[in-house]
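Student: I would like to learn how to read the features of a protein model. Please take me through one.

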Amino acid sequence: MTENSEYLISLEGIYKAFPGVQALENVNFNLKAGEIHGLVGENGAGKSTLIKVITGVERADAGTLSLRGEIIQVRSPQHAQELGISTVYQEINLCPNLTVAENVLIGREPMKLGRIDWQTMNAEAVRILKRLDIEIDVTRPLGEYSVALQQMVAIARSLEITAAEVLILDEPTSSLDSQETENLFQVMRKLKSEGLGIIFISHFIDQVYEITDRITVLRNAKLVGTYNTQYLPHMELIVKMIGRTIGEFDDMSQIKLTSGKRIQEEPLLQAYNLGHTGSIEPFNLELHAGEVLGIAGLLGSGRTETAYLIFGIEKPDQGTLIMDGKEIKHFSPSDSIARGIAFCPEDRKAEGIVDDLTVRENIILAVQANRGWLKNLSRSQQHELADKFIKMLNISTPSADQPVKNLSGGNQQKVILARWLATNPRILILDEPTRGIDVGTKAEIQKLVLELAEEGKACIFISSELEEVLRTSHRIAVLRDKKKIREFSGEVDEQTIMQSIAGSGS
Amino acid sequence: MKKFWTSIDWRSYWRKITESRLFFPILALALILLFDLIFVPGFFKIETREGNLYGSLINIVRNGSTVALLAIGMTFVIATGGVDLSVGAVMAIAASVAAIMMNPVIIGVELPPDLMKFIYDPNFTFAPLWQVIIVTLIVSAICGLWNGTLVAYGRIQPMVATLILMYAGRGIAQLITNAVRIQIFYEPYAKIGNGWLILPYSVYIVGFVYLIAWLITRKTAIGLFIESVGINFRSSFFSGIDERKIKLFAYTFCGLCAGVAGIIASSNIRTSDANNIGLTLELDAILAVVIGGTLMEGGRFSLLASIVGGWVIQATSTSMYAIGVPANAVMAIKGVVVIFVILLYSEQVGSLLRRFTRQKEA
C-alpha cells in the first residue's frame with residue numbers, strides 16, 4: 001500500500017438511477033484495510049446497489065471509485081475480482097450438485113495431461129477450507145451440507161480466486177444459527193487481522209455491533225453518515241436507519257393482550273398424529289381462530305415441514321387433519337387455498353415470487369388460481385386489488401406494473417404477503433416472514449400478524465428469531481430434530497424456550 | 001412558445017418502442033423487406049385479379065400461414081418451459097385423416113356402386129366438409145393431449161416426450177392411409193389452401209386462430225398461469241396453480257393448431273403426403289417463437305411477435321428464391337438471419353443499445 005491512500009476503497013458522489021427509482025444519490029463510502037465496515041439501512045435504502053457499483057455489476061451514473069487512491073472503472077464482476085474485490089452474495093451462487101472441491105475450484109481445476117487432476121484438486125480444496133478452519137469431506141456434493149457450510153465454502157472460494165483485499169459479505173448470517181454465526185465471525189476477525197477490508201451487510205443490529213469497526217447508514221438512496229461503532233448507541237442507529245422513532249414495538253404488546261382475549265374456544269384446525277416419515281414425526285396441534293401460534297426451533301428442526309403438511313405441499317402418510325370439525329382428505333395447495341389456508345413460504349425467491357411477472361400479477365396470482373381459469377379478474381379488478389394492498393402494506397414500487405424482481409427483498413416479501421391476504425384466508429401460515437428484512441418492515445409485519453389475529457384469523461408464525469416469536473405469539477410450539485417437543489402458553493421467558501430448543505432441560 | 005416537435009418526449013417514445021416485444025421481429029422483417037426493395041425489382045408490386053390481391057408480399061403471408069399457425073400453438077408450449085417437436089408429424093396425421101374421410105376407397109372401403117364413379121369428381125366427398133374438419137381437429141387435439149399427458153403427468157422431458165410422436169406420427173399417418181398418397185379431388189376442401197377472397201383464405205384462418213388464442217389469454221386467466229408456470233413452477237404450485245393442467249392445455253392447443261396447419265398444407269398440394277407434409281416445420285415454428293422473443297426456458301410471451309417471427313422466416317425464403325438463390329442455400333441464409341435476430345436479443349447487444357440511447361439523451 002502506498003502512503004497517499006488511507007483507504008482501500010473510496011467512493012465519492014455516487015449516483016445511480018433505475019427506471020422509475022433513484023437508487024443512489026450522492027453517496028460517499030470508504031473502507032480501510034484491516035477493518036470490518038458495516039453497511040446498514042432499510043430495504044431499498046441502496047445497500048445492494050452500492051455493492052453492485054463496487055463490484056462492477058452496475059455502472060454508476062456519476063461519481064468516482066478509487067482503489068488505493070487511484071480512480072478506476074470497474075468494468076465487470078470478473079474485473080472486480082481481478083482487482084481484488086471479492087463478494088459473497090445473499091443467495092449463494094454455487095452448484096449444490098457438484099462436490100465441495102469442484103465448487104471451490106470451479107474454473108481453475110488443476111490439470112494433468114489435459115484432464116482434471118482430482119487428487120490435487122481435492123487436496124487443494126482441503127487446504128483452502130482449512131484457512132477458515134473447516135474440515136469436511138470435499139468429495140461429497142455441496143448440497144449435502146448445511147447452508148452455513150455452503151456459505152463458508154462460498155467465502156473460501158471467493159478469497160482464493162484472487163488474492164482478495166476486499167471481501168464483501170451480503171447478509172451472510174441470515175440463514176445461520178448463533179453458533180454458525182459465531183464461527184463466521186471468528187473467520188472474519190482472522191481475515192481482518194490479515195489486513196483484509198471487509199464490508200458486512202446485515203439486518204441484525206446486534207451482529208453489526210458485535211463485529212464491525214465502523215458503520216455506514218443509508219436511507220432512501222442517500223447517505224446518512226459513517227460512524228465509529230463504539231460511539232454510536234443502538235437506539236440512535238435505529239433512528240438513523242428508519243428515520244422515525246419506534247413506538248411500534250411498544251403498542252404491539254397492547255395489541256397482543258387485547259387480541260388474546262378474543263381467541264375462540266372451538267379449535268379451527270386440529271392435527272392428530274399428523275406426520276410424514278423422514279420429514280416430521282407425528283404431532284398433535286390445535287389452532288384457534290384469533291390466535292397466533294408461534295413455532296420455534298433451529299434450522300432443520302422440522303418447522304417448514306410442519307407447514308408443508310398443513311398446507312398440503314407434502315401429503316401426510318399418517319394421522320389426521322381436521323378443519324371445522326371435518327377431516328381433510330385432499331392435500332394440495334389449491335385445496336388448502338379453497339379451504340381458506342394461506343402459506344407464505346420461507347424461500348422467497350424459489351417458492352414465493354414469480355420474478356418476471358409484475359407486482360400486480362404477483363398479488364392476484366393466488367386469488368386467480370382459486371377462482372379458476374374461467375373466472376378471469378378484469379384489468380380494473382386486478383388494479384383495484386393490487387393498489388389496495390400496495391397501500392395497505394406500504395409496498396414501495398413506482399407502479400403496480402413493475403416487474404416484481406425490480407423490488408427490494410422486503411418489498412417482495414410484502415408482495416407475497418399481499419398475495420395471501422388477498423385470498424382473505426382464515427388461517428395464515430408465515431414461514432420466516434421477516435428473513436432478510438429491515439427493522440422497520442419487520443415491526444410492520446409483526447404488528448400486521450397481530451392485527452390479523454385480532455380480526456379473527458388464525459396465524460402460524462414460524463421464525464428462527466426467538467424474540468420475534470415471543471413478541472407475536474399467544475402460544476408457542478417448540479420443535480427439535482423433526483419432532484414437536486413442547487408447547488408453551490401464557491407468559492414464558494426466552495430462557496425457558498431456549499433450553500427447550502437446545503434440549504438441555506431434559 | 002415551444003415548437004410542437006420539441007414538446008414531444010421522443011426519448012420515452014423511443015424507449016417504449018424498443019422495449020416492446022414486437023420491436024425486434026418487426027425490425028428484422030423491415031430489414032428483409034428493405035433488402036427486397038433494393039435488390040428485387042417489383043417485389044412490392046401487388047396486382048388485382050378479379051378483385052383478389054396477388055404479389056410477393058401476399059405470397060409471404062400465404063405461404064407463411066402454416067408456420068404462423070404452428071407458432072401460435074408453439075408459443076404456449078414454449079412459454080410453459082417446454083417444446084413440441086411433433087407438430088410437423090401431427091400435420092401429416094391431420095392430412096391423412098382428412099384425405100381418407102373424403103375418399104376412403106383407397107384404403108379398401110366399399111362404396112355403393114352408384115357412388116364409385118364419382119370418386120374423381122371435384123364435387124364428391126364421402127363425409128361432408130364440416131365433419132372432415134371437425135374429426136381432423138379432434139384427432140390433432142388428441143395428439144396434443146397425448147404429448148401433454150406424457151409431459152405433465154408422465155413427467156417426461158418435453159423434448160423426449162414429443163420426439164416419440166415426431167417419429168411415430170408419420171408412421172401413424174402412413175397407417176391411416178395404408179401407405180398411399182391420397183389425392184384430394186374435392187374442390188371445396190382444396191379451396192381452403194388455394195382460395196382467395198381479396199386475400200388468401202389461409203390468411204383469414206391464421207387471423208381467426210390468433211383471435212381465439214388472444215381471447216384465451218385475455219378473457220381467461222390461462223395466459224397468466226402459463227407465464228407463471230414457465231417462470232417459476234414451484235411458486236405457481238405454492239399459489240395453487242395446477243401446473244399439470246396448464247401444460248396439458250398448452251400441448252393440446254398446440255396439437256389443434258398443428259391440425260389446422262395440416263388441413264391448409266394438404267389442401268394446398270391436394271394430397272395427403274404423409275412423408276413430406278410439415279417436414280422440418282416444427283423447427284421453423286420453434287424458430288418463429290424464438291424470433292418473437294419468447295425465451296426457450298419459458299415465461300413471458302407474445303403471440304403476435306411469434307406470428308411476425310413466422311413471417312420473418314417466410315420472407316427470408318421468399319426473398320432468397322426471388323433473387324435466384326438455389327433452394328439448398330436458402331437454409332444457410334435462414335441460419336444467418338436467425339443468428340442476427342438472436343444476437344439482437346442478447347444481453348451484450350441490449351446493453352450496447354441502451355448505451356446508445358443514453359448517449360442520445362445526453
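**Reading sheets, helices and contacts**

Tutor: Chain A has an open sheet of 6 strands in the order 18-19-20-15-21-22, with mixed pairing. Strands are DSSP runs of E with at least two residues, helices are runs of H or I with at least four, and both are numbered from the N terminus. Two strands pair if DSSP finds at least two bridges between them. This is a predicted model, in which local features need pLDDT of at least 70 and side-chain atom pairs count only at pLDDT 80 or more, while totals for chains, interfaces and linings use all residues. Residues are numbered from 1 along each chain as its sequence is written, and chains are lettered from A and ligands numbered from 1 in the order in which they are written.

Student: Which strands stand at the edges of this sheet?

Tutor: Strand 18 (341-344) and strand 22 (484-489) of chain A do; each has a single partner strand, so one side of each lacks a neighbour in the sheet. On average, neighbouring strands of this sheet are turned by 15° against each other, direction ignored.

Student: How do strands pair in general?

Tutor: They pair through backbone hydrogen bonds, either parallel or antiparallel. Strand 15 (residues 292-296) and strand 21 (residues 475-479) of chain A are a parallel case, with 4 bridges. There, A296(A) has V478(A) in strand 21 of chain A as its bridge partner.

Student: Which strands does helix 16 of chain A touch?

Tutor: Helix 16 of chain A packs on the sheet against strand 15, strand 19 and strand 20 of chain A, and its direction makes about 155° with that of strand 20. Angles run from 0 to 180 degrees between N-to-C directions, and axes are lines fitted to C-alpha atoms, for helices over the stretch in contact. Helix 10 (residues 303-311) of chain A lies across strand 15, strand 18, strand 19 (427-431), strand 20 (458-462) and strand 21, running at about 150° to strand 19.

Student: What is the strand order of the open sheet of 4 strands in chain A?

Tutor: The order is 14-13-16-17, with antiparallel pairing. Strand 14 (280-288) and strand 17 (326-327) of chain A are at the edges, each with a single partner strand, so one side of each has no neighbour in the sheet. Strand 13 (residues 267-276) of chain A is joined to strand 14 by 6 bridges. In strand 14 of chain A, L285(A) is the bridge partner of A271(A).

Student: How are two packed helices described?

Tutor: The angle between their axes and the distance between the axes describe them. In chain B, helix 15 (residues 281-291) and helix 16 (residues 303-322) pack at about 120°, with axes 7 Å apart. These two helices of chain B are therefore oblique to each other; angles under 35 degrees count as roughly parallel, over 145 as roughly antiparallel, 65 to 115 as roughly perpendicular and the rest as oblique.

Student: Which residues of helix 15 of chain B meet helix 16 of chain B?

Tutor: D284(B), L287(B), A288(B), V289(B) and I291(B) meet S306(B), G309(B), G310(B), V312(B) and I313(B) of helix 16 of chain B. Residues are in contact if their C-beta atoms, placed from the backbone, lie within 7 Å.

Student: How many residues does each chain give to the contact of chain B with chain A?

Tutor: Chain B gives 21 residues and chain A gives 24. On the side of chain B that touches chain A, helix 12 of chain B supplies the largest share, 6 residues.

Methods: Two residues are in contact if their C-beta atoms, placed from the backbone, lie within 7 Å.
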